[in-house]
Amino acid sequence: MSRYNKYTMAVAMKDNASAPLARLEEQRLIRRLQRGDQEAARVLINHHKQRLFAFVWRMATNHQDTEDICQEAFLKALSSIETFDLTYRFSTWLFTIAYRLTLNHFRRKQKNVSGDFDVISLASTAGAPDFDLAESEEAHQLKSQVWEAVSQLSGPQQAAITLFYRESLPCQEIAEVMNVPVATVKSHLHRARMKLKGILEPVFAGDWNKLRILSEAVG
Amino acid sequence: MISCEQAQNLFDTYLNGELSPSLTAELDAHRLECAACRHQLTLLEACVNVVHLDTSEPEVSADFTDRLVAILEEDNRSKGWLQLNRTMKVTGALLGVAAAIALLVVFYPIGGSDDSREMAVSAPSAAQPEVAGAKTNHVQTIRSSELITGLPIDSIFKASDSLNSAVELGQFGVNHLRDSNDPDQISFEDYLPPFNTQSEPKPDVIETLPELDDGGELM
């Protein structure tokens with residue numbers, strides 16, 4: 001392994017593996033990959049896998065299906081990396097492929113995207129509750145209710161909300177991922193918020209204490 | 001101060017992070033005064049905060065990267081084999097062309113021109129003494145070829161057809177490789193039009209044949 005490879009690997013291991021790559025670092029990795037360096041592929045996969053997995057899992061809600069979709073997305077992206085235009089973000093391309101694969105997956109299965117969200121497994125993955133308010137049973141329950149409401153959004157609304165808030169992508173980039181105009185993305189965000197408000201307003205019903213618990217649970 | 005309706009119209013722009021500082025100040029002022037709007041906006045903020053900050057998704061499998069890199073390496077090996085296979089096909093096409101040239105040299109050693117084929121099809125006519133006289137030499141040429149090779153005249157015509165096919169094969173193979181973007185889409189049959197079948201005379205060749213009245217056979 002060259003000195004440069006060692007340096008990159010060290011940086012990749014030191015940093016949070018899920019943290020977005022700096023633009024220049026990403027471009028360097030892609031150039032190395034285009035020259036056939038498989039270690040660069042490993043670094044790129046490690047940087048993006050958990051974020052991509054989270055994005056797809058919020059829609060697919062099944063571990064195996066999510067991993068299959070992520071694997072296919074990576075394979076499609078990396079196998080045609082020779083033709084990748086470095087003026088674009090790799091993550092945008094990857095999320096675009098994953099989003100379309102997820103939609104195809106649902107079409108194949110003829111399944112409603114918001115049909116079978118596994119709230120119990122979601123709550124159980126958040127760790128054991130303790131007496132801290134943020135980690136209380138009620139906080140977990142409220143978070144689960146929010147995610148359950150998110151799961152009732154349409155596929156594009158879920159994707160827009162997740163990419164906007166989780167991935168912090170600007171509307172322009174979300175439009176590229178979803179292959180729709182920016183105005184449509186904003187419309188999806190608006191409708192998603194209205195729907196969330198409609199579902200959750202009866203749950204919270206002017207109860208400031210619940211809102212405080214929820215805010216602290218994620219704060 | 002802005003009204004509740006005006007404030008609620010600003011929610012989306014505010015939550016998109018696109019509200020101007022002056023309007024943000026207006027909205028904040030309204031929020032302090034109006035409990036209903038304050039509750040709605042806090043609820044929406046809490047929801048998007050859950051999406052933004054709650055990373056309770058399951059982890060991607062530990063061996064995800066290794067599996068993916070292994071598949072990529074396998075794919076690269078397959079691509080290498082495909083490349084080799086492709087090279088062999090090109091070589092085969094070039095060998096076909098070389099064989100065709102060799103056949104040309106063997107079967108048309110003396111003044112081998114297109115007229116030979118014409119003579120082979122039709123007998124000379126008394127109504128066209130000049131043509132008939134000119135073509136007598138070619139008849140002798142073909143008969144000489146027959147004597148030299150010891151093959152019947154039909155075999156010589158079959159070899160001539162094979163020659164045409166081989167030349168077409170060479171052109172087709174090179175053009176196809178040049179035009180094709182995706183090597184995976186190229187099948188072996190694409191390069192190999194049937195060699196063994198007797199091709200029909202091409203319409204343009206038939207049109208150039210001189211009209212001879214009796215159409216008698218040479219042999």
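Mentor: One term before we start: two residues are in contact when heavy atoms lie within 4.5 Å. Also, this is a predicted model.

Trainee: Okay. In chain A, what share of the contacts with a separation of 6 or more comes from residues 24 or more positions apart?

Mentor: That share is 67% in chain A.

Trainee: And how many helices and strands does chain A have?

Mentor: It has 11 helices and zero strands. Read from the N terminus, the elements of chain A are α-α-α-α-α-α-α-α-α-α-α.

Trainee: How much of chain A is buried?

Mentor: Of its 219 residues, 52% are buried.

Trainee: Let's pick a helix. How far apart are the end C-alpha atoms of α2 in chain A?

Mentor: They are 16 Å apart. Helix α2(A) covers residues 23–34, so 12 residues at 1.5 Å a residue should span 16 Å, and the model agrees.

Trainee: Which residues of α2(A) are buried?

Mentor: Glu25(A), Glu26(A), Gln27(A), Leu29(A), Ile30(A), Arg32(A) and Leu33(A). Keep one general point in mind. An α-helix has 3.6 residues a turn, so residues three or four places apart point the same way.

Trainee: What comes just after α2(A)?

Mentor: Gly36(A), with a positive phi of about 100°.

Trainee: Now α4 of chain A. How many residues, and what reach?

Mentor: Helix α4(A), residues 63–79, has 17 residues. From first C-alpha to last it reaches 24 Å, close to the expected 24 Å.

Trainee: Which residue caps its N-terminal end?

Mentor: Asn62(A) does. A side-chain oxygen of Asn62(A) sits 3.0 Å from the backbone nitrogen of Gln64(A).

Trainee: And which residues of α4(A) are buried?

Mentor: Among them are Ile69(A), Cys70(A), Phe74(A), Leu75(A) and Leu78(A). The list also includes Asp65(A) and Glu67(A).

Trainee: Where are Ser168(A) and Asn179(A)?

Mentor: Both are in loops of chain A. Ser168(A) lies between α8 (155–166) and α9 (171–178). Asn179(A) lies between α9 and α10 (182–204).

Trainee: New topic: chain B. How many of its residues are in contact with chain A?

Mentor: 39 residues of chain B, against 51 residues of chain A. The two chains bury about 4300 Å² between them, 63% of it on carbon and sulfur atoms. On the chain B side, His39(B), Val51(B) and Glu57(B) lose the most area, together 15% of what that side buries.

Trainee: How many salt bridges cross the interface?

Mentor: Seven, between chain B and chain A. One salt bridge joins Lys143(A) to Asp54(B), with the closest N and O atoms 3.5 Å apart. There are also 22 residue pairs in polar contact between the chains.

Trainee: Which helix of chain B supplies the largest share of the side that touches chain A?

Mentor: α3(B), with 15 residues. Helices α1 (4–15), α3 (35–53) and α4 (64–107) of chain B each supply at least two.

Trainee: And what is that side like by class?

Mentor: It has 17 nonpolar, 11 polar and 11 charged residues.

Notes: Residues are numbered from 1 along each chain as its sequence is written. Chains are lettered from A and ligands numbered from 1 in the order in which they are written. This is a predicted model: local features need pLDDT of at least 70, side-chain atom pairs count only at pLDDT 80 or more; totals for chains, interfaces and linings use all residues. Side-chain values use heavy atoms; hydrogens and water are left out. Buried area is the accessible area (1.4 Å probe) that two parts lose on being put together, summed over both. A salt bridge is a side-chain nitrogen of Lys or Arg within 4 Å of a carboxyl oxygen of Asp or Glu. A polar contact is a pair of N or O atoms within 3.5 Å; within protein, one must be able to donate a hydrogen and the other to accept it, and residues adjacent in sequence count only if both atoms are side-chain atoms. Helices (H or I, at least four residues) and strands (E, at least two) are DSSP runs, numbered from the N terminus. Ala, Val, Leu, Ile, Met, Phe, Trp, Tyr, Cys and Pro count as nonpolar, Asp, Glu, Lys and Arg as charged, and the others, Gly among them, as polar. The expected span of a helix is 1.5 Å times one less than its number of residues. Buried means under 20% relative accessible area, exposed over 50%, partly exposed in between (1.4 Å probe, protein chains only).
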